[in-house]
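Reader: I have the sequence and the model open and would like to go through them with you. Can we start with the strands and then move on to pockets and rings?

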Amino acid sequence: MSRSEPASRIYCVGEAMAELMLGDSEDYPPALGFAGDTMNTALYLNRLMGDTASVSYVTVLGRDPLSARLVRLLESESVDTSLIQYSDDRLIGLYAITTDQSGERSFSYWRSQSAARTLFKKDSAMDFTQLSDANVVYLSAISLAILPASIRSALLEELDKLRAENQLTVVFDSNYRPALWESQAQAQSIVSAAWEITDIALPSVDDEQMLFDDKDETAVIARLHSYGIKRGALKRGASGPLSLNAELAQSARTITSLDNSAVQVVDTTAAGDSFNAGYLSAILTGADDQAALQAGHDCSVRVIGHAGAIIPLDAWG
């Protein structure tokens, strides 16, 4: 497969967690769900691409009841679970989410000993054979942050090797969460290395500025281009997405209509993850940049109108 052709095997790599939704008041009845940035994208990507691609999730889970429920959820969505591995002594991670009246979120996490932190470890060695058959690998800075430092670096080397040998397409989102990293300097080093092997970039301007201390959007774009990035989209919140293809005319680098007046924000969880799914589903099936930007925007707008990261299948339509 060349990188311009539609993908058939998409592997989404990272950590999925049990999600306890606490709403915006103590009167809100708690609800259990499952989420995680790359898992959110995997589910929406699979819904949007249908039979045009196979979407697999790559992670490690426990042998606990919540892990089993997560696998059933993925299978009910027709996401391939054959690459999921299992830990005998670790459990699925957990987080609780509360939202304010405007839909903004706050989180509490129980993930320091999650099974996903053992991803790509086999006994005392590293094992990346799960990725060998992929056409596209999608991961985020969270996927990297939860791994030991040695595995992070080795994973990036393996992905770069697969790009050269198998024409693998690497898709990366610098979903920066400071609490997951040893230091900002360490995060800068790893994320920069990831950008250098990225074929389709899906950064958020806020994350990039927070991590790299860029003074403005122009500085963010210039730095991203300095890594050699030529494809992808910069997520800019209410300002709308911007294509990172500098060869396009400015008018083709944004969506034609950005009317958010009718958007009712219930919960911004997975806004960026769902944008990634919409954008990728379009790009990987041959759409141009502007159509892909619009597809990402449309998917994100649907998701933020619902509580929780994942819109139930029966409400998806």
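Reader: In which sense do strand β1 and β11 pair, and over how many bridges?

Author: Strand β1 (residues 9-13) and β11 pair in the parallel sense, over 3 bridges. Strands here are DSSP runs of E with at least two residues, helices are runs of H or I with at least four, and both are numbered from the N terminus. Two strands pair if DSSP finds at least two bridges between them. This is a predicted model, where local features need pLDDT of at least 70, side-chain atom pairs count only at pLDDT 80 or more, and totals for chains, interfaces and linings use all residues. Residues are numbered from 1 along each chain as its sequence is written, and side-chain values use heavy atoms, with hydrogens and water left out.

Reader: Which residue of β11 is the bridge partner of C12?

Author: Y138.

Reader: How many bridges join β11 to strand β12?

Author: There are 5, and β12 (residues 169-173) runs parallel to β11. V136 stands opposite T169 there.

Reader: What is the order of strands in the sheet?

Author: The order is β4-β1-β11-β12-β13, an open sheet of 5 strands with parallel pairing. Its edge strands, β4 (54-58) and β13 (200-201), each pair on one side only.

Reader: Are the residues of β11 buried or exposed?

Author: In β11 (residues 136-140), 5 of 5 residues are buried. Buried means under 20% relative accessible area, exposed over 50%, and partly exposed in between, with a 1.4 Å probe and protein chains only. V136, Y138 and S140 point one way, V137 and L139 the other way, and all are buried.

Reader: Pockets next. What volume does the largest pocket have?

Author: About 1,200 Å³. A pocket is an open set of points on a 1 Å grid over the protein atoms alone, where a 1.4 Å probe fits, with protein on both sides within 12 Å along at least five of seven lines; lining residues have an atom within 4 Å of a point. Points are joined across faces, edges and corners, and the volume is the space filled by probe spheres set on them.

Reader: Now the rings. How many aromatic pairs does a search of the whole structure find?

Author: It finds 7. Rings of Phe, Tyr and Trp (its six-membered ring) pair if their centres lie within 6.5 Å; planes under 30 degrees apart count as stacked, over 60 as edge-to-face and the rest as tilted. One of the pairs is Y44 and W316, tilted, at 5.4 Å centre to centre and 35° between the planes. Y44 is in helix α1 and W316 in helix α10 (residues 313-316), 272 residues apart in the chain. Both Y44 and W316 are buried.

Reader: Why is the pair of F107 and Y109 stacked?

Author: Because the planes of F107 and Y109 are at 20°, with the ring centres 5.8 Å apart. F107 is partly exposed at 33% relative accessibility, and Y109 is partly exposed at 38%. Ring pairs link Y95, F107 and Y109 into a cluster.

Reader: Back to W316. What lies over its face?

Author: R302, at 3.8 Å from the ring centre of W316. R47 also lies over the face of W316, at 5.1 Å from the ring centre. A charge sits over a ring if NZ of Lys or CZ of Arg is within 6 Å of the ring centre and within 35 degrees of the ring normal.
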